[in-house]
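Open the model in your viewer and keep the selection tool at hand. This tour says what to pick next and what is there.

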Amino acid sequence: MPAPRRWGAWRVLAGFGLATVGALALADLDLTRPDPWLTLRGIGAGLLSPDFGDPAGLAYAAALTVAFAVCGVFAGALAGFVLSFGYGLRAIRGLCICVRSVHELFWALLLLGVTGLGPLTGVLAITLPYAGIFAKVFAEYLAEADPAASRALPRRTPPLSRLLWSRLPLALPELGAYTLYRLECGLRSSAVLGFVGLPTLGYLLETDFRQAHYGAAAASLAVYLALILPIRHWMRLHLAPFWLTASVWVLARHPAPPMGDGALLRFLGDAVPAPIRAGDWAGLLPWLGRMLGEQALPGTIATLVLSQVALALAALVAVTGFPLIVGRVTGRAGALAGHAALVLARSIPDYMLAFLILQVTGPSMIPAILALGLHNGAIIAHLMGRQGDALVARLRPDAPHGLRLAAWELLPRLSGNFFALCLYRWEIIVRDSAILGLLGIATLGFYVDAAVQELRTDRAVLLLVVSALLTLGIDTLSGRIRARMRLSAPGMRKAEPEAAEAA
Amino acid sequence: MTRPPLLRLEGETLAWDGAAVLSGVSLSLARGERLVLLGRSGSGKSTLLNAIRLGLEAQHPAPRLALVPQDPGLVPQLSVFHNVWMGRLDDHSALHGLRVLLHPPAAARAQADGPIARVGLNGFARRRVGSLSGGQKQRTALARALLRGGDALIADEPVSAVDPRQSGDLLEALRDRFETMVLALHDPARALAIGTRIIGLGAGRILFDRPARELSLQEIHALYEA
């Protein structure tokens, strides 16, 4: 059987371009806010004079933000580590795929009904999806460890000894670096958990913003940035015991809401579709049809429309943004400024960014598109820029400078990485598009939020399953396209933020 | 009384990565022999060594083998002691292995002390292998084989990275520990000193297979010319 023909870059670009044109036609791009300048002026004034009037409240929210992240990520790493040994088993792999295909915010929404608005909800919302991610990545690192050490072991060495003595110590530095990278992600997740009511910095930011206390909101944003920008300096593996102890101490003192007995059982009972609970099996199919037709389908379409436009914007931001941080293109000062812009765009979670823009533009798809495009585009641009910087050292001595270097020497060489990174971020953009429904855009998250508010757990669970399937479908499609383009898929994880930044 | 040979290969074609490297390979290996393979790089020494190892492993009961591969397969994150003790990992349960990995008991350390001292790494037992020089790493791999012991040693250029003055002493340490050895070497003088039988490889086949005492350095040097 002949191998299928390789897909050229133009063909894939044309396909995505057509999809983007279609999505743009369907997207809701109205600027509804009558006078955005008024709000903008208020925000600008707030940013210029942040209001640190409640230092104790800010400090406590910052401590909780760190504590949720540290406890959630380490618990997830531990669970993922244990699961990674069994990752070859279909049941364990399936379990990991399920837990990680549901976003932290969705987990938090679901858990609110079981563990309430307390510390456990915040920790579990991070631990559960991260455990699935850790299990997959740890299993890959263990499988990729240098096989020479294992081969040199006596043939009848017990399999567990083989793992513990050769593969594990070889992979351990990478597992540590990856965990550190995930702590940064965890801090972003933890801040965003504030938007569903957990008292982190995101919560302060949201409440102050909604009440037009822009100075106070700017102060929370400043504290958040002061935590995440220098994270590599204060979050180190040898300090982990200290941060873990401090975090557990903070969370243990934080009040947990009384949930009454049997909250979990009640939740599980509620998750059973309503017709089945009522014993009306005949009503199940109409119920399913109504749910899928009236909520899941329009939600899925809106999610796909939003994510497609956002993906196009992210690609645009990546291509125009990556030369900014290459010194030979923009000069030393220019590269520094480029770094600052990209770091800012990737440190602020897309959810938070969308919320901020929403306050200015009013409700439509525009804030979500801008936030997803800027955030994800900055991440891709950052990685491509670093690869570009590494390329510059190996170029011929008389290679051009400036834009000509970026266009003639760097972009052609990096185009494979560009496609791979965009296709990889595609899945993440779709997942986050669903989540941004919590802000009022009619993607899947919007319907999930409504179901949770109405305490209709069965509907929420069904919609989450649809959302997880959508993410999985995009992941599969992206993998197929990468394979047809002959982009080296197995090594892709190394080009992802984790490895590149943790290195 | 003659004992049956440990291994016999007859007219075999040996391949590496799907391409034939050696053809018409016939040889036998008897207990107590020290077989040395010589030849230019790429002549198939490692391929033949690998075939001999696989042949021995396929037997019932399989003889206990100690290996010193060309890539020594050390774990740089672990100490010299741990890397050496790995030679006996199959003699213990996974649970005991875990215990030694986390907190080596004095008895385990004492077992490894002899081999570590014999290869000249006294005082290095607690050092991370990643911090050692190339020669010291190779000595660690030799100590691992010495601690393991067994019916036969299979070693691919086991002293290529150590000081030439000490390589003879290290080869003697291996000779004292193992009754039977199969070695790939690149130094003809060392080969004549340690081996009881020399196999010369070249042009995709075995050029000669003779007792060491019948061979002269000139005959061996011919392998590396033209």
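**Before you start.** This is a predicted model: local features need pLDDT of at least 70, side-chain atom pairs count only at pLDDT 80 or more, and totals for chains, interfaces and linings use all residues. Residues are numbered from 1 along each chain as its sequence is written, while chains are lettered from A and ligands numbered from 1 in the order in which they are written.

Stop 1: Helices (H or I, at least four residues) and strands (E, at least two) are DSSP runs, numbered from the N terminus.

**Stop 2: where the chains touch.** Show both chains. The contact takes 18 residues from chain A and 19 residues from chain B; residues are in contact if their C-beta atoms, placed from the backbone, lie within 7 Å. On chain A, helix 7 (147-152) and helix 8 (159-193) each supply at least two residues. Helix 8 of chain A gives the most, with 8 residues.

**Stop 3: the sheet of chain B.** Now select chain B. Its 6 strands form an open sheet in the order 4-5-6-3-7-8, with mixed pairing. Two strands pair if DSSP finds at least two bridges between them. The edge strands are strand 4 (65-68) and strand 8 (205-211) of chain B.

**Stop 4: strand 6.** Pick residues 180-184 of chain B. Are these residues of strand 6 buried or exposed? In strand 6 of chain B, 5 of its 5 residues are buried (20 or more other C-beta atoms within 10 Å of their own, C-beta atoms being placed from the backbone). Thr180(B), Val182(B) and Ala184(B) point one way, Met181(B) and Leu183(B) the other.

**Stop 5: the neighbours.** Strand 3 (residues 34-38) of chain B runs parallel to strand 6 of chain B, joined by 4 bridges. Look for Arg34(B) opposite Met181(B). Strand 5 (residues 152-156) of chain B is also parallel to strand 6 of chain B, with 5 bridges. Here Asp156(B) partners Ala184(B).

Note on methods. Two residues are in contact if their C-beta atoms, placed from the backbone, lie within 7 Å. A residue is buried if 20 or more other C-beta atoms lie within 10 Å of its own, exposed if 12 or fewer, and partly exposed in between; C-beta atoms are placed from the backbone.
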